[in-house]
Amino acid sequence: MKRKRVVVLGATGSIGESALKVAHDIPDRMEIVGLAANSNAKKLAVAANKTRAEAVCLVDESKLDALKTALEYQPKILLGEAGLKEIACLDNADMVLVAIVGTAGLRPALAAIEAGKDLAVASKEILVMAGEAVTEAAQKARVKILPVDSEHNAIFQCLQSGSNPASSRPDVRRIILTASGGPFRQTPGRDFDSITVEQALKHPTWNMGPKITIDSATLFNKGLEMIEAHWLFGVEMKRVEVVVHPQSIVHSMVEFTDGSTLAQLSYSDMCFPIQYAVTWPDRVPNSLPPLDFSKLSRLEFSTPRYGDFPALNLARRAGETGGTLPAVMNAANEIAVAAFLNRKCRFPQIWHLVERVMERHETVAHPDLDAILRADQWAREEGTKFVKSLNR
Ligand code: NAD
Ligand code: MG
């Protein structure tokens with residue numbers, strides 16, 4: 001069995017850290033050959049020193065000296081956005097793990113596909129923004145897209161879907177995404193206005209980067225994941241549903257036309273889905289703890305509070321409308337989350353902003369990549385105006 005040579009984009013983040021753990025855990029199956037990060041030169045160097053990756057990339061060129069000082073060997077050093085694309089096409093790589101927060105991973109992901117690399121995708125934002133472009137490019141280049149997001153990795157496992165992510169599945173009746181419900185699962189809607197950044201950053205079951213943690217609190221994360229599932233598995237939006245499952249043990253489920261449902265279960269640790277994306281279609285032993293059923297007292301499921309968490313219906317609307325609207329929703333959400341984290345808007349204003357920008361957008365059907373990028377930029381500008389109007 002072949003050892004997979006992997007480039008990690010977003011190596012200093014939460015997913016990046018888990019990827020390093022997986023590589024350390026299954027060295028016969030995973031080797032890290034490239035590491036890229038935005039600006040944390042020191043952390044990138046520590047990761048490189050540990051893995052001895054042949055190439056590293058730092059997007060923030062001003063930190064080059066810090067990177068060089070901290071490196072204990074001499075990898076190839078790439079810089080800036082051009083460097084990011086270059087490392088995504090590294091000759092020696094079989095697979096690129098896209099774990100950059102937001103949409104900055106889109107261009108390197110497309111470059112990697114063109115260079116014939118399989119893609120392991122954690123960055124759901126790029127699939128929401130440009131799902132059609134990414135899945136079509138992958139089909140054309142005959143490369144695989146392996147989902148890393150835990151829910152989609154679970155669905156991938158339940159579907160045993162093989163290598164054709166965009167193929168439609170007539171035997172699937174529903175895809176059921178599980179959602180922890182986030183820190184405000186039981187908070188009454190009338191208290192949302194006073195939610196603080198610190199409260200929203202305390203996720204009950206997962207330890208993740210700040211953007212996705214806020215998305216999990218508003219449930220925009222699950223909204224983005226609905227659209228992500230639509231593109232990854234070729235299933236219409238109306239067959240993608242959400243169920244709240246506070247324990248985060250069942251990572252998602254697939255209901256088939258014969259009424260049978262398959263689920264995937266494990267503890268909530270991103271090393272599970274990362275490993276499966278890398279070793280697929282094989283399963284290999286590791287040091288991760290299996291479930292201890294004597295300690296799992298219960299698994300609960302309930303319907304989301306759609307009225308209190310409008311993100312789910314906004315995402316459904318965006319996904320069903322299609323065209324440029326999902327890119328607009330995603331970009332507006334990024335602006336809103338940044339504003340909330342910078343204490344420039346209150347918690348419910350995150351979805352107020354997103355809804356307002358979506359309502360003002362004139363959707364372009366079947367957009368090419370340029371049209372998507374224009375819509376993304378437009379939504380960021382509209383969102384920023386909205387934030388400014390709040391702080392006047
Ligand atoms: P994080 O904030 O912890 O890390 C972000 C990483 O992206 C860092 O390495 C940073 O250097 C890099 N980065 C940021 N901007 C960049 C840019 N312009 N160019 C290049 N690199 C850049 O985020 P995370 O929690 O690891 O999440 C990463 C992605 O994975 C997100 O899209 C998120 O939705 C997805 N995801 C994360 C988890 C999780 O458990 N953390 C689970 C599922 C999906
Ligand atoms: Mg997820």
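## Burial and the basis of the model

A residue is called buried when its relative accessible area is under 20%, exposed when over 50%, and partly exposed in between, using a 1.4 Å probe and protein chains only. By this definition, both Glu 151 and Glu 225 are buried.

The model is predicted: local features need pLDDT of at least 70 and side-chain atom pairs pLDDT 80 or more, whereas totals for chains, interfaces and linings use all residues. Side-chain values use heavy atoms, without hydrogens and water, residues are numbered from 1 along each chain as its sequence is written, and chains are lettered from A and ligands numbered from 1 in the order in which they are written.

## Magnesium site

The magnesium ion (ligand 2) is coordinated at 2.0 to 2.2 Å by Asp 149 (OD), Glu 151 (OE) and Glu 225 (OE). Donors are N, O and S atoms within 2.8 Å of the metal (3.2 Å for Na, K and Ca); water is not among the atoms, so sites may look incomplete.

Along the chain, the donors of this ion follow the spacing D-x1-E-x73-E. Because Glu 151 lies in helix 7 (residues 150-159) and Glu 225 in helix 10 (residues 220-233), the pair ties together parts that are 74 residues apart in sequence. Helices (H or I, at least four residues) and strands (E, at least two) are DSSP runs, numbered from the N terminus.

## Strands 8 and 9

Strand 8 (residues 172-179) and strand 9 run parallel and are joined by 5 bridges; two strands pair if DSSP finds at least two bridges between them. Val 242 in strand 9 is the bridge partner of Leu 177. Of the 5 residues of strand 9 (residues 240-244), 4 are buried.
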